[in-house]
Amino acid sequence: MIHFDKVNKWYGAYHALVDVSETIGRGEVVVVCGPSGSGKSTLIRTLNRLEAIQSGSIHINGEDIYRRGVDVNSFRSGIGFVFQQFNLFPHLTALQNCTLAPVRLRGLKPAEAKEEALALLDRVGLAHKANAYPAELSGGQQQRVAIARALAMRPPLMLFDEPTSALDPEMVGEVLQVMRALAKDGMTMVCVTHEMGFAREVADRVLFMDAGRVLERAVPQAFFSKPQHPRAQQFLTDIRAPQALTA
């Protein structure tokens with residue numbers, strides 16, 4: 001479904017993505033992890049053209065998404081993107097956040113969009129908050145509305161850019177639970193996350209990045225039990241160390 005071929009991205013003199021080549025299959029759940037500044041968020045943002053690439057190519061469903069003539073707005077409407085900071089429209093209710101794009105971009109009638117949106121809010125456990133504004137919702141609830149809003153466009157692909165990093169610890173679980181359910185339903189998902197428990201439990205594959213390169217790709221069991229690359233070994237040692245100190 002997704003194919004990166006020798007993708008490079010610079011910010012000025014900083015080489016953020018270095019010759020990235022990777023293939024992600026339909027229905028696959030891939031977790032991208034690595035230290036801060038490793039390029040993982042940049043990588044996922046190239047998939048809906050929030051970040052441009054300077055060389056190489058990215059194909060989604062066989063289409064070169066950086067070719068000339070691509071209607072970027074139309075293209076983006078087919079990819080669900082869940083941000084770190086929720087990005088809900090503050091002046092719209094949860095329900096209105098979920099119906100706006102389907103009416104304007106998918107051409108649904110308002111009543112039809114409302115019916116679908118209520119079903120999606122129910123799916124993420126928030127049907128009872130349909131008429132609440134974002135300011136009236138907890139962080140975890142806002143992120144679940146953001147997921148419902150992304151699903152309202154019926155995307156074949158969902159991208160998550162550190163969806164739990166802005167949440168209080170007790171709210172993380174409720175968002176991960178929704179993501180687990182999506183994975184079980186066969187949704188193609190690419191997730192940048194620090195939640196290693198989620199990666200171990202839900203991912204089909206883990207990609208480990210550092211300094212703009214994919215240094216390791218493995219199924220979770222292999223990655224967490226016997227990482228091959230020294231940098232991946234150090235990363236896992238470092239993230240386990242605080243747990244050991246608090247145990």
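Q: Which elements are included in what covers the buried residues of α3?
A: In this predicted model, helix α3 spans residues 94-104, and A94, L95, N97, C98, T99 and P102 are buried there. An α-helix has 3.6 residues a turn, so residues three or four places apart point the same way. The cover over the buried residues of α3 includes α4 (110-123) and α5 (139-151).

Q: Is C98 buried or exposed?
A: Buried means under 20% relative accessible area. The relative accessibility of C98 is 1%, so C98 counts as buried.

Q: How many disulfides does the structure hold?
A: A disulfide is a covalent bond between the sulfur atoms of two cysteines. Here a pair counts if the two sulfur atoms lie within 2.5 Å. The number of disulfides in the structure is zero.

Q: Which cysteine has the sulfur nearest to that of C33, which is in no disulfide?
A: C33 counts as buried, at 1% relative accessibility. Its sulfur has its nearest cysteine sulfur 11 Å away, and that atom belongs to C191.

Q: Which element gives the most to the lining of the largest pocket?
A: The largest pocket has a volume of about 650 Å³. Two or more lining residues come from each of α2 (72-76), β6 (79-82), α3 and α5. With four residues, the element that gives the most is α3.

Q: Which residues lie nearest the centre of the largest pocket?
A: The lining consists of 21 residues. By class, 12 are nonpolar, six are polar and three are charged. Nearest the centre lie R76, A101, L105, R149 and M153.

Q: Which residue in β4 stands opposite I2?
A: Strand β1 (residues 2-11) and strand β4 (residues 55-60) run antiparallel and are joined by five bridges. Opposite I2, the residue in β4 is I60.

Q: Which residue in β5 is the bridge partner of I60?
A: Strand β5 (residues 63-64) runs antiparallel to β4, and two bridges join them. In β5, the residue that partners I60 is E63.

Q: What is the phi of N61, in the turn of the hairpin formed by β4 and β5?
A: The hairpin has two residues between its strands β4 and β5. N61 lies in that turn, and its phi is positive, at about 50°.

Terms used:
Residues numbered from 1 in each chain as written. Predicted model: local features only at pLDDT ≥ 70, side-chain atom pairs only at ≥ 80, totals over all residues. Heavy atoms only, no water. Buried < 20%, exposed > 50% of the residue type's maximum accessible area, 1.4 Å probe, protein only. Contact = heavy atoms within 4.5 Å. 1 Å grid on protein atoms, 1.4 Å probe; cavity = no way out; pocket = protein on both sides within 12 Å on 5 of 7 lines; lining within 4 Å. Points joined across faces, edges and corners; volume = space filled by probe spheres on them. Nonpolar A, V, L, I, M, F, W, Y, C, P; charged D, E, K, R; others polar. Pairing = 2+ DSSP bridges.
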